[in-house]
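Subject: Handing over a structure, with notes

Dear colleague,

I am passing this structure on to you, and I would be glad if you read the notes below with the model open beside them.

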Amino acid sequence: MAPTSPFDFTGKTALVTGASRGIGAGIAEAFARHGATVLVNYLPDPAGAMRAEAEAVAARCGGGAEAIAGDVSKTADVSAMLDAIKAKHGGLDILVANAGILRDRSLAKMSDDEFESVLDVNLGGVFRCLRGAAQGALREGGRVVALASVAGQVGFFGQANYAPSKAAVIALVKVAARELARKKITVNAIAPGFIRTAMTETMPPEVIEKTAEQVPLGEWGEVADIVHAALFLCSSGARYITGHVLNVNGGFHMGT
Ligand code: NAP
């Protein structure tokens, strides 16, 4: 009998939050290429633009992939999304909590709304999805990957909201790894460094060049670098890895 690839996700159902673009879309498409049925979560907007984006991602995924609406900062949305998945697919095998926002401002100028909205999406969104997973949305032996950030490990200027939200994701992942271990569910974080996506493309070229000089591998990362890390952490090959923070940052930060 031919050995099964650890990256064969045939028969698995995967939810990727914030998958209408960027890293989330890349992860969704990769899981689909490896056989999973993928649910492409998007943040609904009145004009329906994000639904169209998510449907385009789902179409590229194929294999029964579907776009699924839900604002991860809203408990009712996350509950409705997970209930719909349970009704249609019986549950999830893979949860990638990827949705995240940036609202940078120096500490002196940051409003309560700028602080709270980032915490609510970046940390609250991961919490709500993980809580749903703990309440039974994720099947025994399931996998969770949450997107943290190097910002949560080192703290960047202007990110008094974003950096703590990502630091707290790292702590939350460790708590969930302990709590879900009895169901043989693994919970890990990926901490990307500087990755080229829409979230970062607004940065001035000189800043991109300067930051690249501080990266031992000498360049920014690509979406594919994060995609490969997510595939590995959700693979059968990673069955004994939980509560881990996988740095994908070209060596920019080497600690935990
Ligand atoms: P991105 O291109 O801005 O994509 C973020 C995605 O999250 C978008 O699809 C966005 O939808 C969605 N989203 C935002 N708020 C949401 C909500 N309330 N509910 C559901 N979805 C929501 O960002 P990215 O660069 O791919 O980043 C993905 C993750 O990696 C984030 O958690 C980010 O913090 C983390 N990360 C990125 C980098 C980097 O260099 N790019 C570095 C470290 C960590 P809309 O399109 O509707 O806004």
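A nonpolar core, as the term is used here, is a set of buried Ala, Val, Leu, Ile, Met, Phe, Trp, Tyr and Cys residues joined through side-chain atoms within 4.5 Å; buried means under 20% relative accessible area, exposed over 50%, and partly exposed in between, with a 1.4 Å probe and protein chains only. Please keep in mind that this is a predicted model, in which local features need pLDDT of at least 70 and side-chain atom pairs count only at pLDDT 80 or more, while totals for chains, interfaces and linings use all residues. Residues are numbered from 1 along each chain as its sequence is written, and side-chain values use heavy atoms, with hydrogens and water left out.

The cores

The largest nonpolar core has 35 residues, and those that touch the most other members are Ile27, Ala28, Phe31, Val38, Val40, Ile190 and Ile226. At least two residues of this core come from each of β1, α1 (22-33), β2, α2 (49-61), β4, β5 (138-147) and α9 (223-234), where helices (H or I, at least four residues) and strands (E, at least two) are DSSP runs numbered from the N terminus. Apart from this core lies another, of 34 residues, among them Ala99, Leu138, Ala146 and Leu180. In soluble globular proteins, nonpolar side chains tend to be buried together. Leaving aside neighbours within four places in sequence, isoleucine 190 is in contact (heavy atoms within 4.5 Å) with residues including Val145, Ala146, Ile226, Leu233 and Val248.

Helix α3

Helix α3 (residues 75-89) has 15 residues and reaches 21 Å from its first C-alpha to its last, close to the 21 Å expected at 1.5 Å a residue, the expected span being 1.5 Å times one less than the number of residues. Which residues of α3 are buried? They are Val78, Met81, Leu82 and Ile85, and because they cover an arc of only 90° around the axis, they lie on the same side of α3; the arc is that of the directions from the helix axis to the C-beta atoms. What covers these buried residues includes β1 (13-16), β2 (37-42), β3 (66-69), β4 (92-97) and α4, whereas the face turned away from the buried side carries the exposed residues Ala76, Ala87 and Lys88. Just after α3, glycine 90 takes a positive phi of about 80°.

Individual residues

Glutamate 114, in helix α4 (residues 112-137), counts as buried because its relative accessibility is 12%. A polar atom of the glutamate 114 side chain lies 2.9 Å from the backbone nitrogen of serine 111, and, not counting residues up to four places away in sequence, glutamate 114 touches Arg103, Arg105, Lys109 and Asn161.

Leucine 107, by contrast, sits in the loop between β4 and α4 and counts as exposed, at 68% relative accessibility. The C-alpha atoms of leucine 107 and glutamine 159 are separated by 7.8 Å, although the two residues are 52 apart along the chain.

A search of the whole structure finds zero disulfides, a disulfide being a pair of cysteine sulfur atoms within 2.5 Å. The cysteine sulfur closest to that of cysteine 129 is in cysteine 234, and because it is 14 Å away, it is too far for a bond. Cysteine 129 counts as buried at 2% relative accessibility, and cysteine 234 counts as buried at 5%.

With best wishes

Technical notes:
Polar contact = N/O pair within 3.5 Å; in protein donor to acceptor, adjacent residues only side chain to side chain.
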